[in-house]
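Thanks for coming. Please have a look at it first.

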Amino acid sequence: MQPSKKTRILRRVAQTLLILVFAASCILAGALVRYFLTIHPLKASPVPPPSITAEPTFTPAPTATPSPTPEPTPTPAPTAIPVELGETPDAGQEYIDKIVFLGDSTTYWLTGYGLLPITQVWTDSIGTLSLFNWAVDPIAYHDPATPSVSESLLIPDCVARRKPEYLVITLGINGIALLNEEQFKDYYVNLIKAVQQASPDTKIICQSVYPVDDSQVPRGISNAGVNAANDWIYAIAAETGVRYLNSHDLLMNETGGLRAEYDNGDGMGIHLNTAGLNVVLQNIRTHAYQ
């Protein structure tokens, strides 16, 4: 059954009222919200600014200051040992007692005049050892333990037996007339090497040939030859690492010959007397091996 017209009108009125009530409620709710916001505005929670990670400060690594390269300490050059023995304080008789003297007739008179014992003087049996015969002419050897006994030994054997602390060689006067420079040096160098091989610790001193009296010396020997021989002996000492002793100049007169007061007067003009030999021994003492 269809609702009546009146009923329909009432329904429409009710629907309209509901709509109006809803609309009024919405308007009222909006007004209340606006009022509330006006009185109590919303405060937004502060948002912290984003953390900015600071760029790392670049600290450059410290540059190592290079240490200055130290100047190399120069190695001092070894002091060259002079060939010629220089003057020293007097080493005394104790120094002389440690020396063996090897030589020709100019050396023989050290024992011939009793200045040194026969055990310290090496020459051949007749006291005239020549440079060019050193390898074959035996020495009349007297051992300190049995000085009265003479043995015939070659120079290397004498050196090996005795092993002297010092050996003074005075040779050459008999070679001046017979040997040229090359031959003289060859004989002398070989002699030194033989001594060094027989006794490496022996300290060798090559003494100069003494000046001569040109008016008396045998043919072929002269002061010009003596001077040349001494130059050769100096060069030999430098070559072989031994020492050279100049006794020549102490015995020389103003013309370069042997001083008359040092000549032993045998008429040969080459042999020293005791005064001359004492000059030589004193020179050895005051030019000791260093």
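I start with T123, which is found in the loop between β2 and β3. On the naming, helices (H or I, at least four residues) and strands (E, at least two) are DSSP runs, numbered from the N terminus. Before going further, the conventions: this is a predicted model, where local features need pLDDT of at least 70 and side-chain atom pairs count only at pLDDT 80 or more, while totals for chains, interfaces and linings use all residues. Residues are numbered from 1 along each chain as its sequence is written, and side-chain values use heavy atoms, with hydrogens and water left out.

Back to T123. Its relative accessible area is 5%, so T123 is buried; buried means under 20% relative accessible area, exposed over 50%, and partly exposed in between (1.4 Å probe, protein chains only). The T123 side chain reaches the backbone oxygen of G103 at 2.9 Å. Not counting residues up to four places away in sequence, T123 touches G103, D104, Y108, T128, L129, I139 and A140, where contact means heavy atoms within 4.5 Å.

Next, the sheet. Five strands form an open sheet in the order β2-β1-β5-β6-β7, with parallel pairing; two strands pair if DSSP finds at least two bridges between them. The edges are β2 and β7 (243-245), each with a single partner strand, so one side of each has no neighbour in the sheet. Strand β1 (residues 99-103) is joined to β2 by two bridges, and F101 has V121 as its bridge partner in β2.

Both of those residues come up again at L116. Where is L116 placed? L116 sits in the loop between α3 (105-112) and β2 (121-122). Like T123, L116 is buried, with a relative accessible area of 5%. Leaving aside neighbours within four places in sequence, L116 is in contact with I96, F101, L110, T111, V121 and L281.

Now the packing. The largest nonpolar core has 42 residues, and those with the most contacts inside it are L102, W122, I155, F184 and Y188. A nonpolar core here is a set of buried Ala, Val, Leu, Ile, Met, Phe, Trp, Tyr and Cys residues joined through side-chain atoms within 4.5 Å. Helix α5 gives the largest share of this core, eight residues. Apart from this core lies another, of 22 residues, among them Y95, Y166, Y262 and A288.

Last, the charged pairs. How many salt bridges does a search of the whole structure find? It finds four, a salt bridge being a side-chain nitrogen of Lys or Arg within 4 Å of a carboxyl oxygen of Asp or Glu. One of them joins the side chains of D90 and R285 (2.9 Å, N to O). D90 lies in the loop between α1 (5-39) and α2 (92-96) and R285 in helix α7, so this pair ties together parts 195 residues apart in sequence. D90 counts as partly exposed at 40% relative accessibility, whereas R285 counts as buried at 19%.

Another salt bridge is R161 with E151, the closest N and O atoms being 3.1 Å apart. R161 is in helix α4 and E151 in strand β4 (residues 151-153), so here the parts tied together are 10 residues apart in sequence. R161 counts as partly exposed at 41%, and E151 also counts as partly exposed, at 26%. E261 and R259 form a salt bridge too, with the closest N and O atoms 2.5 Å apart.

That is where I stop.

How values were computed: A polar contact is a pair of N or O atoms within 3.5 Å; within protein, one must be able to donate a hydrogen and the other to accept it, and residues adjacent in sequence count only if both atoms are side-chain atoms.
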